[in-house]
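Subject: Structure handover

Hello,

Here is the structure I promised to pass on. Please open it first, then read my notes below.

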Amino acid sequence: AHNYKQAAKLALALEPKPSKKPSAKTSSAGGAAPWPAPTALRALALLRMGRVAEGEALAAGVREKVATGEIPADRDIAEKLQLFYVHCDSALPSALPFELAWAANPTNPNLAEHAYVAYLLSSDPTSAQKIAARLHRAFPAKNYHPWSLLALHASPDPRLRPLALATARKLLAAAAGAPPISEETARAVVAVLADGGAAGGGVEEWGV
């Protein structure tokens, strides 16, 4: 257990070896690009060994290749990179890998949903709310308003609380086909959405 040196060696063994031949991605024959996950995992192992600069350099290289499209940007590599940034004392958010993967796969809302959750878990509800708003614009058929409401409610910024309450009123009124409700009821809606049903039912029960 905790044999990070051995983990780094195993990850290195799985990394694609340098070759003078065209890569699988650029060859005329086509085919899959090299699997980038071992490099991200080796970065994490180096980080846990205390070789922080080496780990950060490896992770940055993978992140740059994901951003430029040089290597596949999918949930697998996003999860591996997120592991690194969760354990790294970095200014970069742990949600960033999922944002990069979503940028490369804009029709996959699941990647953005992971970014949203990562922002909430890292106490950045403002960024989570922005992701929810982008999700709503990209996928209007799916109701992401409660996601935005939860992020607004979780924000420590008191200036956002009136917006959260106004959003809650609209959500419940739209669900019930009724006029805007009172502030007290709106507060209860916010509590229900934020607590996942602690105030008497989940989001589905309220119809929002």
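**What covers helix α6**

The buried residues of α6 are covered by, among others, α4, α5, α7 (125-138) and α8 (145-154). Those buried residues are Leu111, Ala112, Glu113, Ala115, Tyr116, Ala118 and Tyr119. The helix itself runs over residues 109-121 and has 13 residues. From first C-alpha to last, α6 reaches 19 Å. That is close to the 18 Å expected at 1.5 Å a residue.

One caution before you go further: this is a predicted model.

**The chain as a whole**

The protein chain has 11 helices and zero strands. Read along the sequence, the pattern is α-α-α-α-α-α-α-α-α-α-α. The chain holds 208 residues, and 36% of them count as buried. I also looked at contacts between residues at least 6 apart in sequence. Of these, 48% join residues at least 24 apart.

Two packed helices are described by the angle between their axes and the distance between the axes. Here are both values for each pair.

Start with α4 (residues 75-87) and α5 (residues 96-104). They pack at an angle of about 160 degrees, and their axes are 8 Å apart. Angles over 145 degrees count as roughly antiparallel, so α4 is roughly antiparallel to α5. The crossing of the two is right-handed. On the α4 side, the contact uses Arg75, Ala78, Glu79, Leu81, Gln82 and Tyr85. On the α5 side, Pro97, Phe98 and Ala101 meet them. By type, the residues of this contact are six nonpolar, one polar and two charged.

Now take α2 (residues 37-48) against α4. The angle is about 10 degrees, with the axes 9 Å apart. Angles under 35 degrees count as roughly parallel, and α2 and α4 are therefore roughly parallel to each other. From α2 come Ala37, Ala40, Leu41, Ala43, Leu44, Leu47 and Arg48. They meet Asp76, Ile77, Lys80, Leu81, Leu83, Phe84 and His87 in α4. This contact divides into 10 nonpolar residues, one polar and three charged.

Leu81 is worth a click. It is listed in the contact of α4 with α5, and also in the contact of α2 with α4.

Arginine 42 sits in helix α2. Is arginine 42 buried or exposed? Its relative accessibility is 17%. Buried means under 20%, so arginine 42 counts as buried. Leaving out residues up to four places away in sequence, arginine 42 touches Ala8, Ala11, Leu12, Glu15 and Leu58.

Proline 16 is in the loop between α1 (4-14) and α2. With a relative accessible area of 45%, proline 16 is partly exposed. Proline 38 is 22 residues away along the chain.

Serine 123 lies in the loop between α6 and α7. Its phi is positive, at about 60 degrees, although serine 123 is not a glycine. What is its relative accessibility? The value is 64%, and serine 123 counts as exposed.

That is the tour.

Best wishes

Definitions and conventions. Residues numbered from 1 in each chain as written. Predicted model: local features only at pLDDT ≥ 70, side-chain atom pairs only at ≥ 80, totals over all residues. Heavy atoms only, no water. Axes fitted to C-alpha atoms, helices over the stretch in contact; angles between N-to-C directions. Helix = DSSP H or I, 4+ residues; strand = E, 2+ residues; numbered from the N terminus. Parallel < 35°, antiparallel > 145°, perpendicular 65-115°, else oblique. Left-handed = near helix turned anticlockwise from the far one by under 90°. Contact = heavy atoms within 4.5 Å. Nonpolar A, V, L, I, M, F, W, Y, C, P; charged D, E, K, R; others polar. Expected span 1.5 Å × (residues − 1). Buried < 20%, exposed > 50% of the residue type's maximum accessible area, 1.4 Å probe, protein only.
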